[in-house]
Structure formats: structure tokens, C-alpha cells
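Let us walk through this structure step by step. Keep the sequence and the 3D view side by side as you read.

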Amino acid sequence: MSESPYTVSDVMTHTVVAVGRQAPFKEIVELLDQWKVSAVPVLAGEGRVVGVVSEADLMAKEEFRDTEEGDAGERRKAGAVTAGELMSAPAVTVHADASLAEAARIMAHRHVKRLPVVDGVGLLQGVVSRSDLLKVFLRDDEEIAGEIRRGVLGQLPVVAPLTVSVSEGVVTLGGVLPDRTLVPVVARAVRAVEGVVDVRLDLSHR
């Protein structure tokens with residue numbers, strides 16, 4: 001992986017299972033089970049993402065199997081037999097050059113576990129999942145410390161170098177800053193480094 005800022009392209013899965021609009025219900029269920037995923041993109045033309053079929057879309061058929069209740073949209077999903085009828089559209093997607101934080105916000109706000117990754121014209125490039133976004137927390141402590149020393153502390157106007165140690169992703173900074181207004185600035189910059197779990201400050205100022 002490259003140094004921060006990480007982008008979706010650094011962690012996404014390039015090999016993606018996808019279906020066309022005419023894919024039948026049972027085939028989609030089989031693909032989800034085979035690939036151990038919770039959703040599949042629906043493609044049209046040369047690979048443009050037009051929708052997504054998720055487990056939730058498929059569950060409507062079971063949910064309304066023995067009842068006539070539910071609104072028109074729910075009933076429509078319950079009667080669907082192809083990906084084009086089942087899919088949620090337009091698809092919630094993300095671009096490969098988006099930051100991991102941006103992808104995480106989209107997932108949280110739209111309540112999805114996986115995002116198709118598309119290029120500028122909507123063609124499928126890969127898929128990023130919640131577990132993909134968490135990969136940055138597998139970074140080695142010394143790798144994180146090195147990036148902080150070079151990319152954050154190396155840019156500060158300090159008389160003596162600050163100390164940095166990292167344990168289990170938790171960063172501890174020590175030393176003296178020339179101005180107390182730099183304390184929140186340094187903390188924010190360190191927290192922005194991918195893989196940092198928390199920041200603890202043991203800083204004084206002149």
C-alpha cells in the first residue's frame with residue numbers, strides 16, 4: 001500500500017461477480033452463496049453499472065410469501081424474477097480515486113455494505129466492502145510511525161524533533177512545540193494518517 005492519503009483503488013477487490021438485467025432470481029442467490037458476498041452489481045452494455053441486487057432485495061420474496069401486506073414497492077420486489085426487476089437503482093457507487101473516508105461515509109449514510117467502484121462513465125472497475133476499508137488498520141506500527149515522522153512531524157517548525165511511538169495503532173507524541181496553537185493541528189494531522197486508531201499527546205509548548 002502507498003502512503004496516505006489512501007484511495008479506494010488501494011483496497012478494492014478487482015475481481016467482481018456481476019450479473020446482467022436478465023439474470024434469474026435463483027442464479028443470483030447461487031452467486032451470492034458461491035462468492036460469499038451480500039450484493040452483486042447489475043451491468044448493462046459494455047459494463048456500465050445500472051443497479052445492485054442485495055440480499056435485502058431478494059428477501060422480499062420470502063418476507064411476503066404468505067401475506068398480502070406491504071406497499072406497492074415491496075410487493076413488486078416480492079414478485080420479481082430477474083435482476084432488472086429486483087435491483088435497487090440507480091446504484092450507489094464510488095470512484096476509484098475517492099478517499100477511504102468518503103467511501104465509509106457513503107456506506108454509512110446509504111446503509112450499504114459494499115459499493116461498486118466505477119470510472120468516470122460508470123463502467124465497473126471493482127468493488128469495495130467494509131472489510132476492505134478496514135485493511136488500513138493492518139498496517140505495521142513502525143510503518144505508521146515512519147509516515148508520521150516524514151509526512152507530519154517533518155513539516156513542523158520545531159527546534160527539537162518530536163518523539164513518536166505507535167503501539168497497536170495508538171500514537172503517542174512527545175516533545176515541545178513552539179506554539180500551543182499547533183497542538184490541535186498536529187493531532188488532526190496525525191489522526192488523518194491511515195491506520196491510526198487513536199492519538200495521545202504528551203506535548204508542551206513554549
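Which residues touch the most other members of the largest nonpolar core? The model is a predicted one, and its largest nonpolar core has 19 residues. Ile 148, Leu 153, Val 171, Leu 173 and Val 190 touch the most other members. At least two residues each come from α8 (141-152), β7 (163-167), β8 (170-177), α9 (182-191) and β9 (198-205). Helix α8 gives the most, with four residues.

Take Val 190 and look at its surroundings. Leaving aside residues up to four places away in sequence, Val 190 touches Ile 148, Val 152, Val 171, Leu 173, Val 196 and Val 199. Ile 148, Val 171 and Leu 173 are also among the residues with the most contacts to other core members.

Now move to another part of the model.

Val 52 sits in strand β3, which spans residues 48-54. Is Val 52 buried or exposed? Its relative accessible area is 16%, so Val 52 counts as buried, the limit being under 20%. What does Val 52 touch, apart from residues up to four places away in sequence? Its contacts are Ala 39, Val 40, Pro 41, Val 42, Asp 57, Met 87, Ser 88, Ala 91 and Pro 116. How far is Val 52 from Ile 148? The two are 96 residues apart in sequence. In space, their C-alpha atoms are 39 Å apart.

Next come some details of the backbone. Find the loop between α5 (83-86) and β4 (94-95), where Pro 90 is placed. The peptide bond leading from Ala 89 into Pro 90 is cis, and its omega is near -5°.

Two further loops hold residues with positive phi. Lys 36 lies in the loop between α2 (25-35) and β2 (39-44). Its phi is near 55°, a positive value in a residue that is not glycine. Lys 36 has 67% relative accessibility, so it counts as exposed, the limit being over 50%.

His 111 is found in the loop that links α6 (100-110) and β5 (114-118). Its phi is also positive, about 55°, although His 111 is not a glycine. With a relative accessible area of 69%, His 111 is exposed.

Conventions:
Residues numbered from 1 in each chain as written. Predicted model: local features only at pLDDT ≥ 70, side-chain atom pairs only at ≥ 80, totals over all residues. Heavy atoms only, no water. Buried < 20%, exposed > 50% of the residue type's maximum accessible area, 1.4 Å probe, protein only. Contact = heavy atoms within 4.5 Å. Core = buried A, V, L, I, M, F, W, Y, C linked by side-chain atoms within 4.5 Å.
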